[in-house]
Amino acid sequence: MESSPQVVHERGGREETPERQDGPAGASASLAREIAQLWGEHLGSRDVGVEDDFFALGGNSLAGIKIIERVLLDYGVRLSVRDFYLAGTPTKVAELIEQGRAGA
């Protein structure tokens with residue numbers, strides 16, 4: 001079963017986002033850069049590019065969980081660990097965030 005990002009509402013309710021649609025990347029460049037910067041904070045202040053691979057940068061499960069928590073706090077979108085790891089790059093994580101926001 002494939003999971004999808006969830007939006008967490010201020011009152012604590014959750015909703016599943018619509019199914020993903022294949023197509024051109026929809027994430028804005030600025031959001032992808034924000035996510036790259038967030039990754040850099042959790043991966044030893046590295047300079048992270050928007051297409052850099054999480055694991056190639058030395059990412060591990062602890063860093064991944066911390067980033068997922070920050071995404072929830074900063075953007076209000078709950079990412080599954082599976083989706084985060086499969087996304088693998090800041091650009092693709094930004095796309096998940098935008099999908100989660102669109103479902104709000």
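Modeller: Let us begin with handedness: a crossing is called left-handed if the near helix is turned anticlockwise from the far one by less than a right angle, and right-handed if it is turned clockwise. What we have here is a predicted model, and in it the crossing of helix 1 and helix 2 is right-handed.

Colleague: Which residues make the contact between helix 1 and helix 2?

Modeller: On the side of helix 1 the contact is made by Leu-31, Glu-34, Ile-35, Leu-38, Trp-39, Glu-41 and His-42, and on the side of helix 2 by Ala-63, Lys-66, Ile-67, Arg-70, Val-71 and Tyr-75. Sorted by class, the residues of this contact comprise 8 nonpolar, 1 polar and 4 charged.

Colleague: At what angle do helix 1 and helix 2 pack, and how far apart are their axes?

Modeller: Helix 1, which covers residues 29-42, and helix 2, which covers residues 61-75, pack at about 135°, and their axes are 10 Å apart. Angles over 145 degrees would count as roughly antiparallel and those from 65 to 115 as roughly perpendicular, so helix 1 is oblique to helix 2.

Colleague: How is the contact of helix 1 with helix 4 to be read?

Modeller: The steps can be repeated. Helix 1 and helix 4 pack at an angle of about 120°, with 8 Å between their axes, which makes helix 1 oblique to helix 4. Helix 1 passes helix 4 in a right-handed crossing. Helix 1 contributes Leu-31, Ala-32, Ile-35, Ala-36 and Trp-39 to the contact, while helix 4 contributes Pro-90, Thr-91, Val-93, Ala-94, Ile-97, Glu-98 and Arg-101. By class, the contact of helix 1 with helix 4 has 9 nonpolar, 1 polar and 2 charged residues.

Colleague: What pattern does the protein chain follow along the sequence, and how many helices and strands are there?

Modeller: The protein chain has 4 helices and 3 strands, and read along the sequence they follow the pattern β-β-α-α-β-α-α. Among contacts between residues at least 6 apart in sequence, 58% join residues that are at least 24 apart.

Colleague: How should I read burial, for the protein chain and for a single residue?

Modeller: A residue is buried when its relative accessible area is under 20% and exposed when that area is over 50%, with partly exposed in between. Buried residues make up 38% of the 104 residues in the protein chain, whose accessible surface comes to about 6,200 Å², with 48% of that surface belonging to carbon and sulfur atoms.

Colleague: Is Val-50 buried or partly exposed?

Modeller: Val-50, whose place is in the loop between helix 1 and helix 2, counts as partly exposed because its relative accessibility is 28%. Beyond residues up to four places away in sequence, Val-50 touches Ala-32, Arg-33, Ala-36, Thr-89, Pro-90 and Thr-91. Thr-89, found in the loop between helix 3 (81-87) and helix 4 (90-102), is buried, with a relative accessible area of 9%. Leaving aside neighbours within four places in sequence, Thr-89 is in contact with Trp-39, Val-50, Glu-51 and Asp-52.

Colleague: Where does Leu-57 lie, and which residues does Leu-57 touch beyond those up to four places away in sequence?

Modeller: Leu-57 lies in the loop between helix 1 and helix 2 and is buried, with a relative accessible area of 14%. With residues up to four places away in sequence not counted, Leu-57 touches Trp-39, Leu-43, Arg-46, Val-48 and Asp-52. The C-alpha atoms of Leu-57 and Leu-43, which are 14 residues apart along the chain, are separated by 7.4 Å.

Note on methods. Residues numbered from 1 in each chain as written. Predicted model: local features only at pLDDT ≥ 70, side-chain atom pairs only at ≥ 80, totals over all residues. Heavy atoms only, no water. Axes fitted to C-alpha atoms, helices over the stretch in contact; angles between N-to-C directions. Helix = DSSP H or I, 4+ residues; strand = E, 2+ residues; numbered from the N terminus. Parallel < 35°, antiparallel > 145°, perpendicular 65-115°, else oblique. Contact = heavy atoms within 4.5 Å. Nonpolar A, V, L, I, M, F, W, Y, C, P; charged D, E, K, R; others polar. Buried < 20%, exposed > 50% of the residue type's maximum accessible area, 1.4 Å probe, protein only. Areas by Shrake-Rupley, 256 points an atom, 1.4 Å probe, with all protein chains shown as cover.
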